[in-house]
Each structure stands twice: as structure tokens, then as C-alpha cells.
Amino acid sequence: MGTLLLGRIARIHLEDDVLAHVHAVIIAKLRVREPISIAWVSEAGLRDEVIVNPATTVVARFDSPQAPQLDRAWLNRLMIAANSVRGLNLTPQLVQAFRLDQDAAASAAGPGAGTGAGAGAGAGAGAGAAQPARRASPTAE
């Protein structure tokens with residue numbers, strides 16, 4: 001399980017693959033100088049929320065030395081959420097939806113599909129893959 005550090009005050013623990021996707025979305029938003037609202041349930045069971053802006057230090061610490069492969073469909077879903085009024089809500093339900101999407105993609109790919117044709121796993125693939133082609137409509141949530 002990795003850790004997302006937002007400034008000096010926020011520490012969010014996420015599975016490495018989920019962390020990679022969330023981090024890519026945050027970086028994409030900050031590259032175009034847009035703030036992003038992120039909410040999660042703390043270890044104490046309380047709902048925390050922070051607004052990350054381009055001046056915020058963002059650090060992603062992964063447990064695995066290998067970069068997880070990014071899934072373009074899931075990056076798009078996260079970007080739509082990030083562009084909504086509510087922002088990113090990092091809940092157990094979000095992680096469960098990610099797992100279900102991964103399982104469905106693996107089933108659709110069939111046996112022996114290997115790593116698939118997601119966004120790629122190279123050094124620059126994560127950052128470039130998360131940039132949206134267009135902004136989500138205000139009604140997206």
C-alpha cells in the first residue's frame with residue numbers, strides 16, 4: 001500500500017495501482033494550473049477533504065519499485081470525477097469499482113492477454129495519459 005502526501009497535512013494510504021491513477025489525475029489537473037478537491041475517509045474514520053492547488057507539494061510513495069500500468073478508461077472516469085463539483089472522493093467504493101473494472105477488462109481480453117493495451121507503462125506514460133482531451137460537462141459527476 002502506497003501513500004499520497006498532499007502538502008504537510010494530508011496523508012492518504014492507497015493500493016499502489018489506485019495511487020498511480022489518482023496521482024496521474026492530480027498531475028494532469030495541476031499541469032493546467034487547475035485546483036482539485038480530494039476527499040477520503042481518514043484512519044480515524046472521519047471524512048477529510050483538501051483542495052490541492054499548483055503550489056501544493058504532491059508526493060506519491062509506492063510500495064512496489066515497478067510502476068503499475070495505467071488504464072485509460074479508469075483515468076477518464078477519475079478525470080470526470082475530478083472535474084465535477086464534488087471532486088475526487090477516494091472511498092472504498094471507488095477502489096471496489098476500480099477492481100471490478102480491472103476484472104471486467106481482464107475477462108474481455110481473454111486468457112493469455114498479458115498486460116493489455118492500456119495507457120502504457122513507460123516512464124512518461126502516466127503523466128501524458130492522464131491529460132484530458134476536453135473538459136467534462138458540468139453535469140458529469
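User: Hi! Which residues is Leu90 in contact with, leaving aside its neighbours within four places in sequence?
Analyst: Leu90 is in contact (heavy atoms within 4.5 Å) with Ile12, Leu14, Val22, Ile38, Ala39, Trp40 and Val41. This is a predicted model, where local features need pLDDT of at least 70, side-chain atom pairs count only at pLDDT 80 or more, and totals for chains, interfaces and linings use all residues. Residues are numbered from 1 along each chain as its sequence is written, and side-chain values use heavy atoms, with hydrogens and water left out.

User: Nice. Which residues touch the most other members of the largest nonpolar core?
Analyst: Leu90 is one of them, along with Leu6, Val22, Ile26, Ile38, Val52 and Leu88, in a core of 31 residues. Such a core is a set of buried (under 20% relative accessible area, 1.4 Å probe, protein chains only) Ala, Val, Leu, Ile, Met, Phe, Trp, Tyr and Cys residues joined through side-chain atoms within 4.5 Å.

User: And which helix gives the most to this core?
Analyst: H1 does, with nine residues; helices are DSSP runs of H or I with at least four residues, strands are E runs of at least two, and both are numbered from the N terminus.

User: Switching topic: in what order do the three strands of the open sheet run?
Analyst: The order is S2-S1-S5, with antiparallel pairing; two strands pair if DSSP finds at least two bridges between them. Strand S2 (10-14) and strand S5 (58-61) each have a single partner strand, so one side of each is left without a neighbour in the sheet.

User: How many bridges between S1 and S5?
Analyst: Four, with S1 covering residues 2-6. Thr3 stands opposite Arg61 in S5.

Technical notes. Buried < 20%, exposed > 50% of the residue type's maximum accessible area, 1.4 Å probe, protein only.
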